[in-house]
Amino acid sequence: MEVINAIGRRKSSVARVYLTEGTGKITINKKDLTEYFPSAILQYVVKQPLQLLEVAEKYDIKVNLNGGGFTGQSQALRLAIARALVKLNAEDKKALKAQGFLTRDSRAVERKKPGQPKARRHFQFSKR
């Protein structure tokens with residue numbers, strides 16, 4: 001099996017995934033998954049598509065992750081893994097789409113406007 005690559009984005013995070021046959025090892029920026037994401041919840045988020053298809057111990061995953069915070073990074077990685085699994089086997093698309101793993105969450109931070117302290121917050125109005 002050749003290397004399958006996919007990309008996932010969330011907020012300002014970008015995850016580039018390289019999927020190969022292996023033993024289920026996930027390496028993120030040359031660190032192990034448990035070392036990069038110490039939180040069990042974030043590890044669960046990353047592994048969701050693999051556990052849904054029951055292929056967690058079938059593939060090795062090498063990841064380049066940059067930008068954003070840990071939540072955005074974990075969700076970008078989940079999207080990238082799901083996309084790579086679909087490239088590998090097109091029949092899995094229906095199950096992954098039903099769980100929402102193939103949908104790119106396009107929400108991002110709204111820009112700050114001039115003359116305001118934040119994007120929507122205005123300075124307090126003073127009549128006198």
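E54 sits in the loop between helix 2 and strand 5, where helices (H or I, at least four residues) and strands (E, at least two) are DSSP runs numbered from the N terminus. E54 has a positive phi of about 55° although it is not a glycine. With a relative accessibility of 72%, E54 counts as exposed; the cut-offs are under 20% relative accessible area for buried, over 50% for exposed, and partly exposed in between (1.4 Å probe, protein chains only).

Please keep in mind that this is a predicted model, in which local features need pLDDT of at least 70, side-chain atom pairs count only at pLDDT 80 or more, and totals for chains, interfaces and linings use all residues. Residues are numbered from 1 along each chain as its sequence is written, and side-chain values use heavy atoms, with hydrogens and water left out.

**How the strands pair**

- Two strands are said to pair if DSSP finds at least two bridges between them.
- Strand 1 (residues 4-10) pairs with strand 2 (residues 13-21) in the antiparallel sense, over 7 bridges.
- One example is I4, whose bridge partner in strand 2 is L19.
- The hairpin of strand 1 and strand 2 has 2 residues between the strands, and K11 takes a positive phi near 55° there. K11 is a residue other than glycine.
- Strand 2 also runs antiparallel to strand 5, with 8 bridges joining them; here V14 has N66 as its bridge partner in strand 5.
- Strand 3 and strand 5 pair in the parallel sense over 3 bridges, and T27 has K62 as its bridge partner in strand 5.

**Two faces of a strand**

- Strand 1 has a covered face made of I4, A6, G8 and R10, while N5, I7 and R9 make up its uncovered face.
- In strand 5, the covered face holds Y59, I61, V63 and L65, and the uncovered face holds D60, K62, N64 and N66.

**Two buried residues with polar contacts**

- R10 belongs to strand 1 and is buried, with a relative accessible area of 8%.
- Which side chain makes a polar contact with the side chain of R10? That partner is Q75, at 2.8 Å.
- A polar contact is a pair of N or O atoms within 3.5 Å; within protein, one must be able to donate a hydrogen and the other to accept it, and residues adjacent in sequence count only if both atoms are side-chain atoms.
- Beyond its neighbours within four places in sequence, R10 is in contact (heavy atoms within 4.5 Å) with G72, Q75, A76, R104, D105 and R107.
- S13 is in strand 2 and counts as buried at 1% relative accessibility.
- The side chain of S13 reaches the backbone oxygen of G67 at 2.9 Å and the backbone nitrogen of Q73 at 3.4 Å.
- Leaving aside neighbours within four places in sequence, the contacts of S13 include G8, N66, G68 and A76.

**The nonpolar core**

- In soluble globular proteins, nonpolar side chains tend to be buried together.
- A nonpolar core is a set of buried Ala, Val, Leu, Ile, Met, Phe, Trp, Tyr and Cys residues joined through side-chain atoms within 4.5 Å.
- The largest such core here has 29 residues, and L77 and L85 have the most contacts inside it.
- At least two residues of this core come from each of strand 1, strand 2, strand 3 (26-28), helix 2, strand 5 (59-66) and helix 3 (70-88).
- Helix 3 gives the most to this core, with 8 residues.
- Not counting residues up to four places away in sequence, L85 touches L19, P49, L50, L53, V55, Y59, D92 and L96.

- V46 lies in helix 2 (residues 40-53) and, at 0% relative accessibility, counts as buried.
- Apart from its neighbours within four places in sequence, V46 is in contact with L33, F37, S74, L77 and I81.
- V46 and K113 are 67 residues apart along the chain, and their C-alpha atoms are separated by 35 Å.
- How many aromatic pairs does a search of the whole structure find? The search finds 1, formed by Y36 and F37, which are edge-to-face at 5.1 Å centre to centre with 90° between the planes.
- Rings of Phe, Tyr and Trp (its six-membered ring) pair if their centres lie within 6.5 Å; planes under 30 degrees apart count as stacked, over 60 as edge-to-face and the rest as tilted.
- F37 is buried, with a relative accessible area of 1%.
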